[in-house]
Amino acid sequence: MNELMKRVFELKEEIISLRRQIHENPELSFEERETTEIITSYLKSHGIEVLRPTPTGAVGLIEGKRGKTIALRADIDALPVKEETGLPYSSRREGIMHACGHDAHTAMLLVAARILQENREKLHGTVKLLFQPAEEKAAGALQLIKAGALEDPRPDAIMGIHVWPYSDAGSIGYTKGPAMASSDFFSVKIKGRGGHGAYPHNTIDPVNALVHTVSSLNSIVGRTVNPLDSVVLSVTTIHAGTAGNIIPEEATFGGTIRTLNEDTRKKIERLFKSIVTKVPESFGAKSEIDYKNTTKVVYNSPEFVDFVASVMDKAGIFKKREELPPTLGSEDFSFYLEKVPFGAFLRLGVRNEAIGAVHGLHSPKFTIDEEALPYGTALHVAVAYEFLKGE
Ligand code: NI
């Protein structure tokens, strides 16, 4: 193990230069062609078998002796954000930026793959490398799963890492049980009957119906959910009307719902649909509801987290390890955990005030302390190595 960890830090510059190369050439969800090219050519140059089950993204296979399989995942897509970091290796593509650190995820996993491949004779099993497109659209994981990425061989365990600008560089954060939220998105159209603003009695005012509906929705969380259960219901868009003297025909609103519990999620969907149907009805208006379930709750197996913690202690390759509270952000990593429950999604601290790495995910000024990157690579290597260790 010590040799492996030494090797990780020997390759620190390689992790950083891969990360910068990907950072300079960001690509949006499902358009990650050059990124996929970087990934596949790096893996192949180190003798790693590469499968291409989807148009972008890739699956690598490192085969040791017969045994179990562990999947390691990195997401690879960038965001429609105009970079404002001023760094010399800033994005060369106008309006596209790796503002969520997926460049770092990809680079850390690539070098971990190289090191595991160098040591494959000592592995009793297979490491499956999932380089996943389109995490930002919460669609890439499902695409890879549908294309068979979790079959042949089927992983017995899975791990993913996200850089975390809210914790100090080099720290590893973990959460047992629910770690990230389910996310649902809604958009609602309330249909009334338009007319003159001075004669409301001759109309069915959709704006008034909307206002009552939205304020009733705000009572779901406060009055029907257990206060110890975490839920967010945010109405984030409202559109209606064109002029001060016209009552419009319709009004629309939209937003998102987050929960940390799948039962609560179903209950809220039911209440939401009931309020959004009945409140407008009480004013004579009608509603059309478009309600989409996207990611599920990211549920980290407590047993797997304990295993990772013991590996970290044994390898001693982190600045600090800390249990973090869940967040109501969301991740399509949840779809892998649904199929492979023995797994977890961890957070690697990348914050460093001294170099200005203090901005949040998706910020145009988001940047990381690259000194943290070997710790992420080390975690991938150590967890896979220990999981596949022979008896
Ligand atoms: Ni992300």
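Helices (H or I, at least four residues) and strands (E, at least two) are taken here as DSSP runs, numbered from the N terminus. The model is a predicted one, in which local features need pLDDT of at least 70 and side-chain atom pairs count only at pLDDT 80 or more, whereas totals for chains, interfaces and linings use all residues. Residues are numbered from 1 along each chain as its sequence is written, and side-chain values use heavy atoms, with hydrogens and water left out.

**Salt bridges**

Helix H7 spans residues 262-282 and holds both glutamate 262 and arginine 265, which are three residues apart, about one turn of the helix. Glutamate 269 and lysine 273 are four residues apart in helix H7, again about one helical turn. A salt bridge (a side-chain nitrogen of Lys or Arg within 4 Å of a carboxyl oxygen of Asp or Glu) joins the side chains in each row below.

| Glutamate 262 | Arginine 265 | 3.0 Å |

The structure holds 28 salt bridges, and Arg7, Glu10, Glu14, Arg114 and Glu118 are linked in a network of them.

**Sheet and metal site**

Eight strands form an open sheet with mixed pairing, in the order S1-S2-S4-S3-S5-S16-S6-S15. Strands S1 (49-51) and S15 (320-323) stand at its edges with a single partner strand each, so one side of each is left without a neighbour in the sheet. Two strands pair if DSSP finds at least two bridges between them; S3 (residues 65-75) and S4 (residues 124-132) do so in the parallel sense over nine bridges, and aspartate 75 stands opposite glutamine 132 in S4.

The nickel ion has as its protein donors Cys100 (SG), His102 (NE2) and His162 (NE2), at 2.2 to 2.3 Å. Donors are N, O and S atoms within 2.8 Å of the metal (3.2 Å for Na, K and Ca), and water is not among the atoms, so sites may look incomplete. Cysteine 100 is buried at 6% relative accessible area, as is histidine 102 at 0%.

Technical notes
Buried means under 20% relative accessible area, exposed over 50%, partly exposed in between (1.4 Å probe, protein chains only).
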